[in-house]
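Have the sequence and the 3D view at hand as you read.

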Amino acid sequence: MIQLLFLVLVAEAAVAAVLLFKTPLRKLAVMGIDRLKRGRRAPVAVKTVAGVVLALLASTLYSMAEISGRAGGDPESGGGGGGGASLSTTDQVLFSRHLLEASLMGYSLFLALVIDRLHQYIRELRGLKKNVEAVTKHNKMLEEAKHGRSEETKKYQEEIGALNEDMKKLKLQVQEKTEEVHVAEDKALAIRKQSESLLLEYDRLLEDNQHLREQLQSIDHRLSSPK
């Protein structure tokens, strides 16, 4: 039984060492423990094994206590009536064997508890890492979306600024054209007034010409009439 306990203890120590350090073997160890814990019967089997080991440990401790009590209740053993009670060679061998078995079983149970806790912590750590990665990815997506929106907004602002500049240029051009139209209207009005004055002058000249013709005709008539 001692050899079996040694093998179990060495295996548990190896598994605990694998779980403590981040190596490729840790993943395999975690997968193996997951398979052992998976299913409805796995927890029952683990509890059964732990109960058997505890029962054996209690039996071993009881045997050690019985040996110690037997040594204390036998004052004549070990020679020298006035000396303290001592264990016989057989009892010493049995006591040492029971002590070794109890130590191995205690260490085995302790390492099993350590392995279980390490496995639980590793699973929780992986879950936390996945959550952190998901949150980080989400924040990165939000930052990229925010950056893209800011760039898009900046682009729209630049386009709006360019349109405003174009509108200002168009307003200046419209103002210039409006001034040119006003100047042309003023020129047209001046030319119209000048044309009206020329027409009036022309009419006046026509009247004067008509009047002069009438006078010439009357003079001719007078000159052509006999005396």
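The report below covers the pockets and then one arginine.

This is a predicted model, in which local features need pLDDT of at least 70, side-chain atom pairs count only at pLDDT 80 or more, and totals for chains, interfaces and linings use all residues. Residues are numbered from 1 along each chain as its sequence is written, and side-chain values use heavy atoms, with hydrogens and water left out.

A pocket here is an open set of points on a 1 Å grid over the protein atoms alone, where a 1.4 Å probe fits, with protein on both sides within 12 Å along at least five of seven lines; lining residues have an atom within 4 Å of a point. A volume is the space filled by probe spheres set on the points.

| Pocket | Volume |
|---|---|
| Largest pocket | about 910 Å³ |
| Second largest pocket | about 160 Å³ |

The largest pocket has 28 lining residues, and nearest its centre lie Glu12, Val46, Val49, Ala112 and Leu113. Its lining comprises 22 nonpolar, 2 polar and 4 charged residues. Helix α3 (41-72) contributes the most, with 9 residues.

For the second largest pocket, the lining holds 1 nonpolar, 1 polar and 6 charged residues. Among those lining this pocket are Asp34, Arg123 and Glu133, and α4 gives the most, with 6 residues.

Now to Arg26, which sits in helix α2 (residues 24-37). Arg26 is buried (under 20% relative accessible area), at 16%. The side chain of Arg26 reaches the backbone oxygen of Leu20 at 3.3 Å.

Conventions: Helix = DSSP H or I, 4+ residues; strand = E, 2+ residues; numbered from the N terminus. Buried < 20%, exposed > 50% of the residue type's maximum accessible area, 1.4 Å probe, protein only. Polar contact = N/O pair within 3.5 Å; in protein donor to acceptor, adjacent residues only side chain to side chain. Nonpolar A, V, L, I, M, F, W, Y, C, P; charged D, E, K, R; others polar.
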